[in-house]
Amino acid sequence: MPESEHKGNGRPRYENRDLAARARRKPESARLSALRSLCLLDTSPESCFDTITRMAAFQMHAESASLDFVDETRVWAKSIWGGKLREFPRKDSFAERIIDEGKPVVVLDTQSEDRPRGFYRPDKILDLRSFVGVPVSAADGHIVGALCVGSSQPASQIDSDEIALLESLSALVTDQLELRRLRLSTDEPSSRPTETEGAYQTAEAILPLEMDSAWPLAEDLRYALDQQQFVLYYQPEIELATGRIVGLEALIRWRHPRRGMLSPQVFIPQAEENGLILPIGDWGLGQACRQLQLWKKDRPWLDGLRVCVNLSARQFTRQGLADHVESLLLQNDLRGHHLGLEMTESSLIPSIGTAVSVLTSLQKLGVSLHMDDFGTGYSSLSHLHRFPFDVLKIDRSFVKRMSKGTQPLQIVKTIIELARVLGMDVVAEGIETPEQCALLQKMGCRFGQGYLFAPPLPAEEIDELLRSPETRIDHSITIPA
């Protein structure tokens with residue numbers, strides 16, 4: 001064999017080429033497996049990603065933004081702002097280049113002579129000349145797609161802060177993909193305590209009791225309801241500047257006689273499936289109203305206190321929900337401002353017309369309407385104008401990332417500014433450090449909740465906190481466990 005066909009290690013050059021090709025195929029195969037596990041391709045475009053693409057376009061002053069997922073031969077645009085949703089070939093596409101390089105890619109001017117090789121312009125509806133894109137990864141680290149923005153004007157430069165902002169938005173996509181993967185998983189939800197649940201899970205709750213995939217059955221849930229095994233815990237919502245308690249979020253638990261204190265992740269999905277979510281939801285709403293009436297009795301300083309209850313999607317299928325709420329308010333001598341109803345936008349989307357009608361009826365009662373988990377991918381900015389919400393709740397994942405750099409701060413600041421423009425209040429969830437609290441206050445966020453102030457507490461401990469009109473909670477106060 002000619003000497004030119006050998007390398008220094010003694011292996012024929014063609015053998016090394018084959019090894020290199022196999023080495024390249026291995027991560028690509030793993031990447032495609034990660035992509036397929038998310039079931040993103042060949043499905044309808046999803047509005048749950050629209051907030052991220054809109055934020056990307058807004059923050060980068062771009063005319064177009066898209067979230068693209070890439071398989072062997074094509075690019076699938078799952079969400080796009082400023083253009084038309086489409087599928088296009090992977091070969092020589094901008095998204096392919098991002099996938100191949102595994103890092104941010106910047107094209108300052110597509111019409112310049114030094115136009116980068118491998119750039120693909122999928123259509124000519126928009127005359128785009130500059131592009132910026134960053135990889136989108138699954139939670140396991142495999143790159144499955146790209147978040148891209150484009151402008152009709154050539155860019156003089158793209159600074160590192162702008163790239164980092166796009167990367168922070170890409171990280172939000174990763175979070176949403178992981179939530180998607182968990183929803184698709186057939187594994188039984190764990191009864192082990194999570195970061196936000198652990199304070200009140202008993203030892204029995206984490207014992208290795210066998211739970212088959214069908215547990216709990218409808219009969220189990222009916223029995224629990226009849227035997228009053230469900231209980232509400234309450235997490236205070238705080239006015240950040242003063243430490244004053246302005247509201248309480250009601251969170252359901254199941255005090256099971258053998259399995260201990262169970263979080264809602266264990267039983268709410270089954271309740272949704274078998275229809276028991278309606279009576280359980282009605283119980284929670286009624287119990288929260290009754291408890292607030294007890295707290296308000298002989299305590300005039302609590303007249304402005306609000307208790308907030310999470311509502312499920314199925315509760316919004318009932319045209320009579322507003323009548324039900326009104327009767328609860330009357331029975332418990334409460335007015336509309338004493339009650340807040342929290343929902344994610346995903347719970348409203350299945351029947352938008354009905355949701356608008358129900359929410360408008362609730363608003364007429366004076367009930368406060370909260371969009372929960374705003375910014376996680378469920379929330380579409382266009383719907384904020386359509387649905388009569390009063391409060392946006394910033395998801396804890398946003399708050400947690402604020403300490404990691406200036407770019408996540410900009411996202412939170414954008415949400416706060418958006419709420420201000422729309423005349424809405426903001427509640428930041430998951431505040432765990434004084435630094436997070438200070439940053440939120442500096443950006444104009446008035447209200448928050450989290451373990452810095454108090455975990456979810458049983459009604460008896462909340463009662464102690466509400467005994468005095470001078471009660472304030474701040475991070476210097478230790479809440480009893």
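I note that the model is predicted.

I placed Asp372 in strand 12, which covers residues 368-374. I then listed its contacts, leaving aside neighbours within four places in sequence: Asn310, Glu342, Met343, Thr344, Lys393 and Glu429.

Next I followed Lys393. Which residue of strand 14 is its bridge partner? I found Val427. Strand 13 (residues 391-394) and strand 14 (residues 425-428) run parallel, and I counted 4 bridges joining them.

From Val427 I went on to strand 15, where Phe447 stands opposite. Strands 14 and 15 also run parallel, with 2 bridges between them; strand 15 spans residues 447-448. I traced the chain from strand 14 through helix 13 (residues 434-442) to strand 15 and recorded this β-α-β crossover as right-handed.

Last, I took totals for the whole chain. I have 14 helices and 16 strands. Of the 481 residues, 51% count as buried. Among contacts with a separation of 6 or more, 67% join residues 24 or more positions apart. The chain exposes about 22,900 Å², and carbon and sulfur atoms supply 51% of that area.

Definitions and conventions: Residues numbered from 1 in each chain as written. Predicted model: local features only at pLDDT ≥ 70, side-chain atom pairs only at ≥ 80, totals over all residues. Heavy atoms only, no water. Pairing = 2+ DSSP bridges. Right-handed = clockwise from strand over helix to strand, strands pointing away. Buried < 20%, exposed > 50% of the residue type's maximum accessible area, 1.4 Å probe, protein only. Contact = heavy atoms within 4.5 Å. Areas by Shrake-Rupley, 256 points an atom, 1.4 Å probe, with all protein chains shown as cover.
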